[in-house]
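Here are my notes on the model you sent over. Have a look at the structure first, then go through the points below.

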Amino acid sequence: MAEEARQRSDNEWQGSPLQMWSGMDPYGIAEIALQFDTGDEEVLKPRMRDEFGAYELVQAATYLDSLSHQLRVNRK
């Protein structure tokens, strides 16, 4: 799993939430950027604060789960 979690020098992290043990602090997340194979990009930002809180992260995870399910269904 450690190979999958890559952290760049410009503080951009790629991996899954299960890899948080690798040193990423869940506090201070200001945006979640999604890049698709088509070149499209979607950026999720918190509406009320500068950083995501626990509730917003749970909601973002729910959105990402439904999005990934939809992409799997469309792929078939």
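1. Which residue in E4 stands opposite Leu34? That would be Glu42. Before going further, some ground rules: this is a predicted model, where local features need pLDDT of at least 70, side-chain atom pairs count only at pLDDT 80 or more, and totals for chains, interfaces and linings use all residues. Residues are numbered from 1 along each chain as its sequence is written, and side-chain values use heavy atoms, with hydrogens and water left out.

2. On the overall layout, the protein has one helix and four strands, in the order β-β-β-β-α along the sequence. Helices (H or I, at least four residues) and strands (E, at least two) are DSSP runs, numbered from the N terminus. Buried residues account for 16% of the 76 residues; buried here means under 20% relative accessible area, exposed means over 50%, and partly exposed is in between (1.4 Å probe, protein chains only). Of the contacts between residues at least 6 apart in sequence, 15% join residues at least 24 apart, a contact being heavy atoms within 4.5 Å.

3. Back to the strands. E3 pairs with E4 (residues 41-44) in the antiparallel sense, over four bridges; two strands count as paired if DSSP finds at least two bridges between them.

4. Ile32 and Leu34 sit on the covered face, while Ala33 and Gln35 sit on the uncovered one. As background, side chains in a regular strand alternate between the two faces of the sheet.

5. Now the second largest pocket, which holds about 420 Å³ of space. On a 1 Å grid over the protein atoms alone, a pocket is an open set of points where a 1.4 Å probe fits, with protein on both sides within 12 Å along at least five of seven lines, and lining residues have an atom within 4 Å of a point. Grid points are joined across faces, edges and corners, and the volume is the space filled by probe spheres set on the points.

6. What lines that pocket? The residues are Leu34, Gln35, Phe36, Asp37, Thr38, Leu64, Leu67, Ser68, Leu71, Arg72 and Arg75. Strand E3 (32-35) and helix H1 (54-75) each supply at least two of the lining residues, and H1 gives the largest share, six residues. By class the lining has five nonpolar, three polar and three charged residues. In that scheme Ala, Val, Leu, Ile, Met, Phe, Trp, Tyr, Cys and Pro are nonpolar, Asp, Glu, Lys and Arg are charged, and the others, Gly among them, are polar.

7. How many salt bridges turn up in a search of the whole structure? Two, with a salt bridge taken as a side-chain nitrogen of Lys or Arg within 4 Å of a carboxyl oxygen of Asp or Glu. One joins Lys45 to Glu31, with the closest N and O atoms 3.8 Å apart. This pair links distant parts of the chain, 14 residues apart: Lys45 is in the loop between E4 and H1, and Glu31 is in the loop between strand E2 (13-14) and E3. Lys45 counts as exposed because its relative accessibility is 54%, whereas Glu31, at 41%, counts as partly exposed.

8. In the other salt bridge, Glu56 pairs with Arg49, and their closest N and O atoms are 3.6 Å apart. Buried or exposed, how does Glu56 count? At 17% relative accessibility, Glu56 counts as buried.

9. Finally, the loop between E2 and E3 is worth a click, as it holds Tyr27 and Gly28. Tyr27 is exposed, with a relative accessible area of 66%, and Gly28 is partly exposed at 40%. For Gly28 and Gly53, 25 residues apart in sequence, the C-alpha separation is 8.7 Å.
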